[in-house]
Amino acid sequence: MWVYEKKLLYPVEVGTCNPTLAKYLMEQYGGADGELAAALRYMNQRYTVPSKVIGVLNDIATEEFSHLEMLATMIYKLTKDATPEQLVEAGLGAHFVNHGHDLFYENANGVPFTATYIQAKGDPIADLYEDIAAEEKARATYQWLIDVSDDPLINDSLRFLRERENIHSLRFRESVELLKDERDRKKIF
Amino acid sequence: MSAFEEEREMMLRVQQADFVVVELTLYTDTHPDDAEALGQWREAIKEAAHVRRQYENRYGPLSLASVPTEQALEIGWRWNSTPWPWQR
Amino acid sequence: MDRPLYRGSYKPYVSPLDPCPPIRVKTFVLPPQIFTNFQQPGLPQYSPEEALRRGTLWPLFDDGFSREEGIS
């Protein structure tokens, strides 16, 4: 089970009302390589991986939910008091018509989240290699978000999130190494 | 320092202490035999609990793993009180 | 965090017919974790304040990123 903590992982601050930036950030909220996809991918894989690597999947999945909450905070603040006209101008007119000021799990183009973004192959190496790839893709997405954002406060949070992808990628790489140690040497000539 | 800034400062201390625990937990997941890291991890959890207690004594529980004080309830603190983390 | 260690570059082919002003050298990220498959014990650490700010406890895995670098 989970218990909610009434705090953010990192102190998120937002400089200006900027719905265009909110639209871009949705890529990491409900996109293919976003935080929701990451959390669900790892949370689902943890049940059947070798015991040695359960902790990594469990704990990174949990952390990804705190990243999702950071993204939500940024999107919420960037659009909170935006007028319908401002949202239309930002390319969020269709979003507003469907969802009002609510957030939604969709990517920067408004494509709704789908479970087809994640995989589960029942093969620990195949799964961990997907996880490593997912972390590197999320890192790249944060880089391009930093490149298009001119809000230094948002960029401060995005830099933190990008660095977390480095560490998660490292832990998944280590997990592969841990499984290599399990090799049954007796069968190898 | 305004009351708003004071709260933010104490929250930042909690976030810093908790983050060390997050990092060391992931590290010890893949390094279960690093005795020095395990020691640091235990100390980091103690420190995070200490900093959290200081925050909660003043501003109320951050989770329901902490007992709300009677004074907190008397002065109107509720779990459902605003602001929530995304509203701050 | 010696950033140049964690960046690569190459010179793309430039055609005289390219419509946009050519970028002669393209840079890309080679993040720290690809050089280490397993973290060594006892690496130097940031203080808790610095660790939260940087997003990691270990300077060795912190390669930073800013739009000023011009990577894209």
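Predicted model: local features only at pLDDT ≥ 70, side-chain atom pairs only at ≥ 80, totals over all residues.

Trainee: Which residues are the buried ones in α1(A)?

Mentor: Among them are A:Leu21, A:Tyr24, A:Leu25 and A:Tyr29, and also A:Lys23 and A:Glu27.

Trainee: And what do they pack against?

Mentor: In chain A, the buried residues of α1(A) pack against α2 (35-45), α3 (54-79), α4 (84-89), α6 (124-148) and α7 (152-180). Helices are DSSP runs of H or I with at least four residues, strands are runs of E with at least two, and both are numbered from the N terminus. For contacts, the C-beta atoms, placed from the backbone, have to lie within 7 Å.

Trainee: What's the span of α1(A), first C-alpha to last?

Mentor: α1(A), residues 19-30, reaches 16 Å, close to the 16 Å expected at 1.5 Å a residue. The expected span is 1.5 Å times one less than the number of residues.

Trainee: OK, helix pairs. At what angle do α2(A) and α3(A) pack?

Mentor: About 160°, with their axes 8 Å apart. The axes are lines fitted to C-alpha atoms, for helices over the stretch in contact, and angles run from 0 to 180 degrees between N-to-C directions.

Trainee: Which residues make that contact?

Mentor: On α2(A), they include A:Leu36, A:Ala39, A:Tyr42 and A:Met43, and on α3(A), A:Leu57, A:Ile60, A:Phe65 and A:Leu68 are among them.

Trainee: How do α3(A) and α7(A) cross?

Mentor: At roughly 165°, and their axes come within 11 Å. α3(A) and α7(A) are therefore roughly antiparallel to each other. The residues that meet include A:Ile60, A:His67 and A:Met70 in α3(A) and A:Leu161, A:His168 and A:Phe172 in α7(A).

Trainee: Switching to the chain A and chain B contact: how many residues does each side put in?

Mentor: Chain A gives 22 residues and chain B gives 16 residues. α3 and α7 of chain A each supply at least two residues of the side that touches chain B, and the largest share of that side, nine residues, comes from α3(A).

Trainee: What about chain C, which elements does it have?

Mentor: One helix and two strands, running β-β-α from the N terminus on. Its radius of gyration is 17 Å, well over the 11 Å that the globule rule gives for 72 residues, so chain C is more spread out than a compact globule. That radius is taken over C-alpha atoms, and the rule is 2.2 Å times the number of residues to the power 0.38. Buried residues make up 24% of the 72 residues in chain C.

Trainee: Last one: is C:Val25 buried or exposed?

Mentor: C:Val25 is exposed, with 9 other C-beta atoms within 10 Å. C:Val25 is in the loop between β1 (7-10) and β2 (26-29) of chain C. Leaving aside neighbours within four places in sequence, C:Val25 is in contact with C:Ser9 and C:Lys11.

Methods. Residues numbered from 1 in each chain as written. Chains lettered and ligands numbered in written order. Buried ≥ 20, exposed ≤ 12 C-beta atoms within 10 Å, placed from the backbone. Contact = placed C-beta atoms within 7 Å. Parallel < 35°, antiparallel > 145°, perpendicular 65-115°, else oblique.
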